[in-house]
Amino acid sequence: MSTNTDTAAVANADLHCHSTYSDGLLRPQEIVRRAYANGVDLLALTDHDEVGGLGEARLAAQELGLKFIDGVEISVSWDDDTTVHIVALDIDPDHPALLAGLAQVRRGRGERASRMAAELDNVGIHGAHQGALRYVGNPALVGRSHFARYIVETGHAKDFRSVFDHWLAKGKPGYVAHSWATLAQALGWIGAAGGIAVMAHPGRYRLSNKTLRRLLAEFRELGGKGIEVLSGSHSDVDTREFARYAREFGFLASRASDFHGPGESRIDLGMLPRLPDNLTPVWGDFR
Ligand code: AMP
Ligand code: MN
Ligand code: MN
Ligand code: MN
């Protein structure tokens, strides 16, 4: 559960980041210390499909007197072939339905990695599966970020961010379609675990306005409560756009660096701007 969650006086919330339990570069306690040093006063750790790092993070946060929220970022397949991410905040990290659901989502990453490696092998990037596994703390969570690090290491891309454009994004040689959870499943697990469901980085999905509205409406219908207005993946234009969507749909607004590690993320922990005016912060609803 959450620690010291008097959220009235929160000045610098950061409610989305990753540790070595998924595809981040820092251990949970290193994330917490870095967030604290950067002035964060309310932090959620949200590893992909995994809650294993929360205990270590919570302990480190307690030592520093930093308010900490248990979170997870769930991978969802929507509308056949669109991957969207749902951040769950203030969950009970021990809830059996949530744990069983996350275990189900994690299954299949190994097989997907083999297929990604085979595709990359065909275009001259050899040994990528073994190579990616060297960058993974938790082999069950092997994914595109770990492949990206190997591809940069072997000189097939100049830096972490350009890997995706050339090799790993949808339509590129190393992209393999995958079935994650359904939106209804993810929201069911989050609801069961008492959490608040937040649409992660909506600006990243490159959907038409019409499709985006359909996604947001379905998300709200299924119990979704918030969207990331501020995100490490958002431009200023995205931020203004999603502030408007938040007001229109009645969503709570989140502030989310999506930090993965030094050198890999555009925005460091706690370095986002203030939320735009006339929005209700999601952290007002924490227990
Ligand atoms: P996966 O869940 O294995 O498909 O990996 C998705 C992860 O890859 C995301 O959580 C990001 O960490 C990373 N990622 C995906 N697209 C990009 C991108 N364009 N730039 C940087 N990182 C990305
Ligand atoms: Mn990631
Ligand atoms: Mn994400
Ligand atoms: Mn993320």
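**View 1. Side-chain contacts of ligand 1.** In this predicted model, a side-chain N or O atom of Ser 145 lies 3.2 Å from an oxygen atom of ligand 1. Arg 144 places a polar side-chain atom 2.8 Å from a ligand oxygen, and for His 260 the distance from a side-chain N or O atom to an oxygen of ligand 1 is 2.9 Å. Each is a polar contact, meaning a pair of N or O atoms within 3.5 Å. On its own, ligand 1 exposes 500 Å², of which the protein buries 83% (Shrake-Rupley areas, 1.4 Å probe).

**View 2. The residues around ligand 1.** The surrounding residues include Asp 23, His 48, Arg 109, Phe 160 and Arg 204 (a heavy atom within 4 Å). By class, this shell holds five charged, four polar and two nonpolar residues; Asp, Glu, Lys and Arg count as charged, and Gly is among the polar ones.

**View 3. Helices and domains at the shell.** Elements α4 (109-122), α6 (144-153) and α7 (160-168) each give two or more residues to the shell around ligand 1 (helices are DSSP runs, H or I, of at least four residues). Domain 1 (7-107 + 179-285) and domain 2 (111-168) each supply at least three shell residues, with bounds from an automatic or database domain assignment.

**Notes.** Residues are numbered from 1 along each chain, and ligands from 1 in the order written. Local features need pLDDT of at least 70 and side-chain atom pairs 80 or more, while side-chain values use heavy atoms, without hydrogens and water.

Methods:
A polar contact is a pair of N or O atoms within 3.5 Å; within protein, one must be able to donate a hydrogen and the other to accept it, and residues adjacent in sequence count only if both atoms are side-chain atoms.
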